[in-house]
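The sequence and the structure are shown first.

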Amino acid sequence: MKDGYLNFSHSKVGKTLFSILGLTVPPKLARYSEGDELVKTSILVNDRTNLVAIQQCFPESNISVVDEASSAKVGGLVFDATTITTPQQLVGCYEFFNQQLGRLITNGRIVIIGSAIDSTMSVEMAASQRALVGIVKSIAKELGRKGCSANVLYAKQVSEQTIAAPLRFLMSDKSTYVSGQVIAAGEVTSEFELSQWHKPLAGKTALVTGASRGIGAAIASTLAADGAQVIGLDIPQAKAALEQHMSELGGQSILLDVTASDAPQQLASALDKPLDIVVHNAGITRDKTLKRMSTAQWQSVVDINLGAVANINQHFFQHEVFAPQAKIVCVASISGIAGNVGQVNYAASKAGIIGLVEATAQQLQVNDADITINAVAPGFIETEMTAKIPLMTRHFGRRLCSLSQGGLPQDVANTIAFLASPNAQAINGNTIRVCGQNLMGA
Ligand code: NAD
């Protein structure tokens with residue numbers, strides 16, 4: 001879908017007109033494309049506490065520390081806040097950004113690394129650590145017009161194994177539409193070793209549901225570009241589009257309705273080896289205000305978006321269809337976080353997905369399983385699904401975020417590829433919004 005307002009605002013005439021009318025021009029977002037630098041090449045860190053671990057995360061980048069006086073522009077700012085234990089110490093965070101924000105380039109990236117809040121922490125420390133969320137969410141809003149993003153990464157332990165994958169993702173243009181968010185990194189077993197950053201999914205087999213178009217098609221392309229062998233699934237009516245897309249990717253097609261009573265069994269028997277990655281992307285909307293919603297509209301949305309995901313996962317766990325260290329990624333929605341008029345069914349299904357992810361992640365942890373499960377919650381993404389939204393609602397939907405524009409399917413796909421990567425082993429039970437810091441439920 002074309003965003004006429006965005007395109008016009010970037011044209012010569014549009015720029016002049018927007019300036020006369022005092023309208024904000026949505027920023028031109030930097031997006032990763034194959035062959036680009038994976039991460040920002042110059043990153044400024046506030047101090048040396050975890051400098052070695054941070055440097056190890058970015059072997060290809062120039063990491064400088066703020067005390068090395070310079071006013072050169074930088075691609076990223078990292079504030080290590082893990083040692084902050086009192087509200088008084090938060091001033092260090094204020095001072096760093098107050099003095100250094102001017103050095104950040106357009107489309108620059110900011111990450112604050114905090115200590116994961118838990119019950120062993122003093123109330124003072126927990127409050128100070130939580131304050132970091134307010135800081136990044138506000139900075140993200142202030143810098144959104146420059147296409148910059150700001151996010152918090154809470155770590156249980158700071159090591160290359162736990163923070164490298166999320167930090168590299170957040171410092172890259174793969175995360176361009178992820179802003180004002182919190183990612184939590186847990187622990188990894190001592191045997192866990194990071195694998196290559198280039199083609200991280202080489203040798204992995206990935207199943208993507210709803211892969212014939214929209215976000216699902218982009219997920220399939222991105223996972224394939226990262227080296228995975230992709231199995232795309234869609235309903236029989238999408239046969240032509242699915243087979244065309246899978247043949248372009250050298251992948252396999254499965255035509256199946258995920259709500260069929262024997263769908264999990266059919267799927268499992270179509271596979272010749274365990275799955276390393278499963279992306280539950282297939283989803284529908286059937287919008288109506290609750291009073292006017294039919295039972296069929298309620299049921300189809302809940303069955304496809306939530307029931308099928310639960311059934312397939314349950315069968316795959318019971319029959320060992322997931323490979324060791326498998327990565328499951330579900331697609332939720334900001335409607336499941338904020339609720340939305342006319343979407344009681346959809347919001348229920350997507351909130352349910354977030355619950356499913358949290359409960360499954362906890363069970364996996366209790367059972368010492370090395371499989372992870374996470375979700376992404378897209379905001380307004382330009383697809384055939386959102387193209388059906390009435391014109392003016394669509395226009396406002398796009399502007400309702402700090403980046404003043406809709407996201408692209410590849411923005412969601414890149415976030416999923418990060419969560420599906422073997423290097424993201426410490427990320428479990430997260431729901432990451434890919435919404436340009438949408439105001440809905442923010
Ligand atoms: P889309 O309608 O373009 O694509 C959905 C795909 O799922 C289609 O290929 C469709 O055939 C498939 N599908 C539907 N029912 C199925 C079933 N029963 N079995 C197998 N496949 C089925 O939608 P999209 O915009 O690409 O959305 C993809 C996912 O992202 C959905 O889960 C959606 O809820 C979610 N999402 C989208 C947005 C957005 O702005 N587009 C925002 C938030 C969340």
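A charge is taken to sit over a ring if NZ of Lys or CZ of Arg is within 6 Å of the ring centre and within 35 degrees of the ring normal. The model is a predicted one, in which local features need pLDDT of at least 70 and side-chain atom pairs count only at pLDDT 80 or more, while totals for chains, interfaces and linings use all residues. Residues are numbered from 1 along each chain as its sequence is written, and side-chain values use heavy atoms, with hydrogens and water left out.

| Charged residue | Ring | Distance to ring centre |
|---|---|---|
| Arginine 168 | Tryptophan 197 | 4.4 Å |
| Lysine 174 | Tyrosine 32 | 4.5 Å |

Rings of Phe, Tyr and Trp (its six-membered ring) pair if their centres lie within 6.5 Å; planes under 30 degrees apart count as stacked, over 60 as edge-to-face and the rest as tilted. This rule gives six aromatic pairs. One of them is the tilted pair of phenylalanine 79 and phenylalanine 97, with 6.0 Å from centre to centre and 45° between the planes. Its members are 18 residues apart and link distant parts of the chain, phenylalanine 79 lying in strand β3 (residues 74-80) and phenylalanine 97 in helix α4 (residues 91-100). Helices (H or I, at least four residues) and strands (E, at least two) are DSSP runs, numbered from the N terminus. Phenylalanine 79 is buried at 5% relative accessibility, and phenylalanine 97 is buried at 4%, where buried means under 20% relative accessible area (1.4 Å probe, protein chains only).

Phenylalanine 169 and phenylalanine 418 have ring centres 4.5 Å apart and planes at 5°, so this pair is stacked. Phenylalanine 169 belongs to helix α6 (residues 160-170) and phenylalanine 418 to helix α15 (residues 409-420), 249 residues apart. Both phenylalanine 169 and phenylalanine 418 are buried.

Strand β12 (residues 372-378) runs parallel to β13 and is joined to it by four bridges. Alanine 375 stands opposite threonine 431 in β13.

Note on methods. Buried < 20%, exposed > 50% of the residue type's maximum accessible area, 1.4 Å probe, protein only. Pairing = 2+ DSSP bridges.
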